[in-house]
Each structure stands twice: as structure tokens, then as C-alpha cells.
Amino acid sequence: MFTNPQYGIFVLISATLLTSVVALLVAVPLGLMAAIFLSEYASRQVRGWLKPILEILAGVPTVVFGYFALLAVTPILRLFVPGLQTFNGLSAGLILGFAILPTIASLSEDAIYAVPQSLRQGAYALGATKRETITNVVLRAGLSGIVASIILGVARAVGETMIVTLAAGQNPTLTLDPRVPIATMTAFMVQVSGGDVAVGTIKYKSLFAVGMTLFLITLVLNIFSFWFVRRFQEKYE
Amino acid sequence: MQTNSPAVGTGTAFYVDNTDYYYGSFQAVRDVTLDIPERKITAFIGPSGCGKSTVLRCFNRLNDLIPSAHIKGRITYRGVDIYDKGVDPIDLRRNIGMVFQKPNPFPKSIYENIAFGARINGYKGDMDELVERSLRAAAIWDEVKDKLKESGLSISGGQQQRLCIARAIAIEPQVLLMDEPCSALDPISTRSVEELMQELKERYTIIIVTHNMQQATRVSDMTAFFNAEPTEKGGKQGYLVEYAPTQTIFNSPQMEATQDYVSGRFG
Ligand SMILES: Nc1ncnc2c1ncn2[C@@H]1O[C@H](COP(=O)(O)OP(=O)(O)O)[C@@H](O)[C@H]1O
Ligand SMILES: [Mg+2]
């Protein structure tokens, strides 16, 4: 099953890296924009329908996202992206981005909402515009929570299984080309455990190695986010 | 903003003409008419809830941030109606600085706390020099000169408040509004802020809200006494009782309510 067995787990890690980066490129800007829009600009009515939409997005089963990527997004993207294959990291990553967007948006919004009104007033009193107040003061004050939300989004992207298994394929290849089939760590685990794997074989053991690596990555991300929040959180009385 | 009165440093900064202040349909303060002299310290005193902050926050239109807040009547600054359609509140606030009740330094370094306002106001000069000058003017330079890179939140409350004063004067406003600037400070910090105000009044018009009457007598030239009375609807409504030189308010006020309040005989 390994086309390049000598690369070992790095084939899988590169695939996870690729889909996660694509996902973050979608989810961080959109998620932050949604959070800023919801907390600073949206009227009560707009908030009233936009927030539920985000929550619905969070509640969509990832298998639905996965088939959507495979059956809707990839065919459309193929019109624009030459050389895009049926299974590819690009559409998997894009849709993965929408799957983690609600996490980033809602946790960032909480962080922005928690910024004391007195700080905003302090900026306005200096003649700051709304945009200057948001970019220079509000986002800076909410930074620790915003970064924590992004790290949580990364952890979700790394651990997400259905979307990447369905849309990115199960073909371990060492590449950062988003147009070709790849197998992420999670997709590999699905593939291996889906067939009958004899106990004690290399494949069987590799399942644990990949699982352990996934666990470690998530653990490190969580420790980092914990440290970051502690280090950069501002204490307001 | 356009200022059509060349008489800077003399005469009147603000004319407040027959103003009423509302939050939605609730009339929080009524009938305020007074004029604020340039380069003097004017104190607003009165029991809490009588509308001192509400009135103060209209001088730099900070109440625009509260959607329900609005005002009837006229406030002019150097002859310009500050609620006129042609007046941009952003420009107004660049000329009318404010210091708040609770110190609210930005979660940035001490240096950046000063530089931020200057930068957004298009300051092109030497930033290091401006930071030092502003911190010196706010009498806090010696205490923070070795930790300019540290967070503005890492210093004591009294230092934070002086940092906020430094931040306000860094953009060289003409007026400084201070809403109970010492209420969160210990007596020593309070003293240093009061001394600072005496220095600043040579260059700035200062309006200070305080509910500490000793503070009003110590620092101010003019005093406005506000009071509140119950309305039929059940809420309280603030109004201006008396406005006169501080000496007069505390020694020979015209109104009995003022006399009762300044002598401490007050409910
Ligand atoms: N944001 C607001 N929304 C509604 N009412 C307010 C608001 N701020 C103040 N008020 C009301 O206006 C009145 C005057 O308040 P304020 O100006 O804060 O008084 P002071 O500063 O003298 O204590 C009070 O009755 C208060 O409840
Ligand atoms: Mg007040």
C-alpha cells in the first residue's frame, strides 16, 4: 500500500499539513472577519440570523461536508484549476476550513466581546476611528483568546477524519501539491483499520504509531495554547 | 475642526446653552446652561446619578457611542456648534482629550500607549521625543523611563492614571475632560494628579468631575453643582443648581441646596 514506504510517516504528516494549511487559509480570515463583524458591526437583526447559521455550520456532520467536497466542490474547482484530480488536498482543505470556521469565529467573538468597553472608549477619546480602535486596541486586547481559538481550530483540522478521507483520497504521497490525491494521518488510520489487518503486522503496528503521533501533535498544540493564553492574557479588574 | 474664534487662552471655551440630556425617552439631565472658561479648571460636583458624567461626555461627543443617548440644546466650542452636521466627532476628540474614572491603559507597552494616539493623528515628528515629553508632562517619566517596553498594565493604578493623562496630552488637545480621575487612586497618587492638573491648566482647559468636595476646592477655579430630584415616572432627573467661582460655591452659595451639599448636610 505504500508507494514510497521509505518515507514512513512523513508522507502522512505532509498530507495533514497540506489540508490543515489550506483549511486555515480559509477559516482564519473568514472566522476573524465573522467574529469582528458579529461583535462590532452587526445590528441586532443581522446577528440574529448570522449566529444561527454559524451554529448550523458547526452542526453539519462531517461526512456531509466530505461528500460535498468530493461531489460538488471538486467538479466546480476542476473548471478553474488545471490538473485537479478527483481526490485532492485542495477541496478537502477548503471544506475543512468551513468545518472549523465556526470554532474560530465563535471563540474569537467571545474573546472580542470580553474586551472591556472602557478600552474602546479610551481609543475613541483619542480621536481613533472605529477601524483604528478595532485593529489597534480591540484585537490586541483579545489576542490571547483569538490565538487560542486558532490553535483549537488547528487541532480540529489535524484530527478531522471524514472530510479528508472522502475528498483527499487515501493515497500516501509525499507532496505539497494540492491537486493530487494524498492520505492524511487520519485517512490512513481509517484505511488501515477499515480492512482486516492481521494483529502484529507492520500495518497493524503503524496504526498505533500514527495514532500516537496524532495524539502528540494535539497535545503539543493544547499545551502551547495554554501557555500562550497564560503568557499573553491581560488582566483587567 | 474649524475654530472661528481667535481668542485662544482668553474667554470662553464652551458655551452650554439650554441643554437637556436623554437616554432614549428618559430625560437624565435638564436645563444645563453654563460657560466653561479657557485655561481654567472647572469642577462638576454633586451626588452620584445627577448626570455629571453624562454632561461631561457630551463635550467630546463620547456619548455618541451610546445609541440611545441624545441631547437637546446647543454646546459650542470656540464658537462652533459641536453637534452640527459638519463637525466630525473624530476631529473634535482630537482636540478634546479625556481621562476616565478607572485607568484604562491599552494592553500595549508604555511606549505604545503614548505613540498610538500620536500615530493615528498623523504625527510625523520624533516619536521617542514625544513619548518622553508626554511622560514628563504627566510627571511619570522618572518612574517608567527604564521600562518603556513593559505593558501599560504592569504599573500601579496611580501610575496607570498618569500614563492615561500622558496619553491624552500626547496628541496636544486644547481641552482635558477628567471624569473622577482620582476615585480609584490612593491619597498620594491623588495628590500627584492634582499637582499635575495645576501645571496643565497653564496650557489646557480642564473640566473635572469629582464627588470629592475637598478636591474641588483644592484644584478648581469654577464649580458647577448638580443635583437630582425624583420625577413622577419614578426615576431621578439631574439638573444644574448653581454655577459660580469655586470660592463662592463653597463660602457663600446662592442656593440652599448648594449650601446643604457643600457643608455636608445632605441626604
Ligand atoms: N448608558 C446609559 N444608558 C441609560 N442611562 C444612563 C446611561 N448612563 C447613565 N445613565 C443614567 O443617567 C443618569 C446620570 O448618570 P451619570 O451621568 O453617570 O451620573 P453621575 O456621573 O453624576 O454619577 C443616571 O440616572 C443614569 O442611570
Ligand atoms: Mg459619573
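Buried area is the accessible area that two parts lose on being put together, summed over both. In this predicted model, chain B and chain A bury about 1800 Å² between them. Of that area, 65% lies on carbon and sulfur atoms.

The contact draws 26 residues from chain B and 20 residues from chain A. On the side of chain B that touches chain A, the elements giving two or more residues are helix 2 (89-95), strand 6, helix 3 and helix 6 (157-170) of chain B. The residues on that side of chain B divide into 14 nonpolar, six polar and six charged. Polar contact is present between the two chains, with a count of six residue pairs, both members at pLDDT 80 or more.

Is Pro107(B) buried or exposed? Its relative accessible area is 1%, and because buried means under 20%, Pro107(B) counts as buried. Pro107(B) and Ser151(B) are 44 residues apart along the chain, while their C-alpha atoms are separated by 6.4 Å.

The next topic is charge pairing. Side chains of opposite charge can pair when their charged atoms come close. Over all chains, the structure holds 17 salt bridges.

In chain B, Arg133(B) can be followed through two of these pairings. One is with Glu129(B), where the closest N and O atoms are 3.0 Å apart. Glu129(B) and Arg133(B) both belong to helix 4 (residues 127-137) of chain B, and because they are four residues apart there, about one helical turn separates them. The other salt bridge joins Arg133(B) to Glu172(B), again with the closest N and O atoms 3.0 Å apart. What does this second pair tie together? Arg133(B) lies in helix 4 of chain B and Glu172(B) in the loop between helix 6 and strand 7 (175-179) of chain B, so the pair links parts that are 39 residues apart in sequence.

How accessible are these residues? Arg133(B) is partly exposed, with a relative accessible area of 35%. Glu129(B), at 37% relative accessibility, counts as partly exposed.

Asp177(A) forms one with Arg179(A), the closest N and O atoms being 3.2 Å apart. Arg179(A) has a relative accessible area of 31% and is partly exposed. Elsewhere in the list of pairings, Arg47(A), Lys51(A) and Glu109(A) are linked in a network of salt bridges.

The last topic is ligand 1. Which residues surround ligand 1? They are Tyr23(B), Phe26(B), Ala28(B), Ser48(B), Gly49(B), Cys50(B), Gly51(B), Lys52(B), Ser53(B), Thr54(B) and Ile66(B). Among them, Gly49(B) has a polar backbone atom 2.7 Å from an oxygen atom of ligand 1. A polar backbone atom of Cys50(B) is 3.3 Å from an oxygen atom of ligand 1. With Ser53(B) the side chain takes part: one of its N or O atoms is 2.6 Å from an oxygen atom of ligand 1.

Note on methods
Residues numbered from 1 in each chain as written. Chains lettered and ligands numbered in written order. Predicted model: local features only at pLDDT ≥ 70, side-chain atom pairs only at ≥ 80, totals over all residues. Heavy atoms only, no water. Buried < 20%, exposed > 50% of the residue type's maximum accessible area, 1.4 Å probe, protein only. Contact = heavy atoms within 4.5 Å. Buried area = accessible area lost by both parts, 1.4 Å probe. Polar contact = N/O pair within 3.5 Å; in protein donor to acceptor, adjacent residues only side chain to side chain. Nonpolar A, V, L, I, M, F, W, Y, C, P; charged D, E, K, R; others polar. Salt bridge = Lys/Arg side-chain N within 4 Å of Asp/Glu carboxyl O. Near = heavy atom within 4 Å.
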